[in-house]
Each structure stands twice: as structure tokens, then as C-alpha cells.
Amino acid sequence: MRMGKYEMGRALGEGHFGKVRLARHADTGAAFAIKILDRHRILAMKIDDQIKREIATMKLLKHPNVVRLHEVSASKTKIYMVLEYVNGGELFDKIALKGKLSEKEGRKLFQQLMDAVSYCHEKGVYHRDLKPENVLVDAKGNIKVSDFGLSTLPQNQRKDGLLHTTCGSPNYIAPEVLLNRGYDGSLSDIWSCGVILYVMLTGNLPFDDQNTVVLYQKILKGDARIPKWLAPGAQDILRKILDPNPVTRLDMTGIRAHDWFKQDYTPALPFDDDEDNNIGDGNLHMTEHQDIESSPAISQINAFQLIGMSSCLDLSGFFEKEDVSERKIRFVSNYSPTSLFEKIESVATEKGFQVQKNSGKLKVIQVCNEPANPRGHGTLLISAEVFLSH
Ligand code: ADE
């Protein structure tokens, strides 16, 4: 199998939107990891523009602790992201193998994680799904964070459609993200890094429960049990990062100023910006690549995927009195999409709204055409989307 100059090899991982494969450059023999995204799925979710923006942003990230995106191209049905190949596996496996890491190693990796995360934050890019599965380790034992900027994509979804869905493993999600009340991307990434640090140093999760609702309650309370056998500095930084209140949580400046963090710290220097400028312009190019993978477009998703794709971050209903999200209301119905759309259309038309329908989506609009309102302020727009479950 070939994609342009790359010979495709074994699968390295699989996500909801496609696979990651090992590849070799035919001329140089250099190894790359190619992420293959399924355009049908992206189009079906109407996130194509967002994905393009995110990929363009990812191309700007050039840091020794961030997986580099070298090149992007596309065929009619796939998008290929040519990534730096990181050959030491996932941080998750490294921890699992050893049980836990030593304080010294945990601190070194945490320092690298902070360097990667603060570099991306300074560029205005937030990860939103930091967890040991997308922190990779290179041959020298240094970390490389993958998928920075690709927050639209559900990552690492396994076949069961559960745990590893959009929000990934919920154990790493900050309380304010769970509450879906609007949050500072930087502080919520820092929370996830705090969970990763806890896992590195103890081999356990700070918040865990088989029952997802109980797990969410534990995260919201934020009372992680910090083992007394940890060094006092490590206990202190963990307590201050795993603060459920983002306002009082240790921020990047606070972490960098913390005595425990400062020990044996050698900051990583970002790469030169003009290095590697022979590679693309950040846009997606349609090339003549043959489709090397074929998977059916999704017209149907199962209920778990649906929860994973859209509602797992919006748990306000669990914790607030009958208070549904202001922006989105989701419900389950036994009626067919056709009859649901017919019903919405007839009610909306009866109430004097305009109705627009296109590809599985229905928009209800009431335009305020006052001359004093040239920009359409006051326009009401409601869109309804129906997802089929198996
Ligand atoms: N799995 C996912 N992305 C990868 C990468 N860049 N290198 C190695 N394995 C990966």
C-alpha cells in the first residue's frame, strides 16, 4: 500500500475517524506515523471546516515535546496526516509496565509535559483530551504529546464505543469541563496534567469509579487521596493542581515557580520556526492518491457513540435541578427522522417561522428584518439534527 511517497505499514492505533499507520518514506526510508481520517465521517458530522482549521493550527506547532505534523494531503475519501513517528509507545504502557515511575523520572516527564503544554497554550492551542494514552515516549525516554489541537476528533475510541470516546477516558477531565459552564482551556489542560502526574507517581488514578456518575461526583468534589509516602513537595503540587476550583488552581506560572517543579529542570527550547519550511502551507491539498483504506461512511451511529460525540461533556442535568444546557437539548425518540422533521416543520411553520432543510439537518429561522438591524441581530435560529442509533 502506498500513499504518495510513503509506503504504508502496520496499524499503530485506531480511532473513531480512522487509523494511524506506520509508514516509510520511499526515498529516505525514514519512518512516519500517518493518521488517516475518513472524510465521510467528518462531513457527516459537519466538522470539516473545523478539522481543516485544527490541522492548519497543528502545523504551526514545532516543539521537541509535541508530535510534529509534517505534511497533510487528501484523496477523495481520506485525509492523511503525516506525523513524526514516536517509537517508545504510550506513557500509559510505560507506567503500566513499571507500576509507577520514580519521583525523579515522574518530575522529568511532568516538566516536559508542562513545556509542551505551555508552548501550545502560548500559541492559543489547547489539547482538551490530555491523558497518558496520547502522551507518547521516544527512544530516549522523552515525551511527545500527540493530537494537540485536534480537539474536534474523538480520539482512541475502542471497538466497544465506550470509555475512549470523544472525551476519552473521563478520569482526566477537569470538573469545570464536566459542568460545561464555559472554561479556561489552559487551566483544564493543567488539571489533566495533574491527573497524569498523580498516575505517574502513584500508579493509580486520583478519581476512579466503575459507575460514571459516581466518578463525575468524585471529580467535582476533587478530594483526591494524596498518599503520605509521596515526597512533601510532590504532595503539595498535586494538591494545588487537583483543586476543583479553577480560580484557585495552580496555573502555569505557579507550577513553574513551585520548588518541587524547579528541581533538576532544564527547559526545552522550541524549534526554529523557519525549519522545515519545505513542507506544505497549512492547507489541505487534494491529491491524486488512491484510496488505500476503505471503510463505509457512517450513516448510523450507536447510542454510546452518540453520547461520546456530543453529550458526554454536558452533564449539567446530573448535577443541577432540571437545568438543561442553554445551548443544546438532546432527547431520545422512537419516531423516525422523517416524522420528527415533519412534526418540527409543521409546528414551526404554524408559529410563523421559516424552515430550511438540508442533508439530515433542519433549521428554523425567524429573521428580524428591521432596517435598523442590517446585521440580522435579533435573528432566531434553531437547528435540529437527528442521529440514528442501532
Ligand atoms: N500512535 C499514534 N500516533 C503515533 C505516532 N506519532 N507515533 C507512534 N505511534 C503513534
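**Figure 1. Serine 73 and its bridge partner in strand E6.** Tyrosine 80 of E6 is the bridge partner of serine 73. The model shown here, as in the other views, is predicted. The bridge belongs to the pairing of strand E5 (residues 69-74) with strand E6 (residues 78-84). These two strands run in the antiparallel sense and are joined over 5 bridges. Between E5 and E6 lie 3 residues, and the two strands form a hairpin.

**Figure 2. Burial of strand E5.** Strand E5 spans residues 69-74 and is mostly covered. Of its 6 residues, 5 are buried. In a regular strand, side chains alternate between the two faces of the sheet. For the protein chain as a whole, 46% of the 390 residues count as buried.

**Figure 3. Packing of helix H4 against helix H6.** Helix H4 comprises residues 103-122 and helix H6 residues 185-202. The crossing in which H4 passes H6 is right-handed.

**Figure 4. Residues at the contact of H4 with H6.** On the H4 side, the contact is formed by Glu103, Gly106, Leu109, Phe110, Leu113, Met114, Val117 and His121. These residues meet Gly185, Ser186, Asp189, Cys193, Ile196, Leu197, Met200 and Leu201 of H6. Classified by residue type, the contact of H4 with H6 contains 10 nonpolar, 4 polar and 2 charged residues.

**Figure 5. Packing of helix H6 against helix H8.** Helix H8 covers residues 232-241 and packs with H6 at an angle of about 145 degrees. The axes of H6 and H8 are 9 Å apart. The two helices cross in the left-handed sense. From H6, the residues in contact are Ile190, Trp191, Gly194, Leu197, Tyr198 and Leu201. From H8, they are Ala234, Ile237, Leu238 and Ile241. The contact of H6 with H8 comprises 9 nonpolar residues and 1 polar residue, with no charged residues. Leu197 and Leu201 of H6 take part in this contact and also in the contact with H4.

**Figure 6. Setting of the close-up views within the protein chain.** The elements shown above belong to a protein chain with 13 helices and 11 strands. Among contacts in the chain with a separation of 6 or more, 64% are accounted for by residues 24 or more positions apart.

Conventions:
Residues numbered from 1 in each chain as written. Predicted model: local features only at pLDDT ≥ 70, side-chain atom pairs only at ≥ 80, totals over all residues. Heavy atoms only, no water. Axes fitted to C-alpha atoms, helices over the stretch in contact; angles between N-to-C directions. Helix = DSSP H or I, 4+ residues; strand = E, 2+ residues; numbered from the N terminus. Left-handed = near helix turned anticlockwise from the far one by under 90°. Contact = heavy atoms within 4.5 Å. Nonpolar A, V, L, I, M, F, W, Y, C, P; charged D, E, K, R; others polar. Buried < 20%, exposed > 50% of the residue type's maximum accessible area, 1.4 Å probe, protein only. Pairing = 2+ DSSP bridges.
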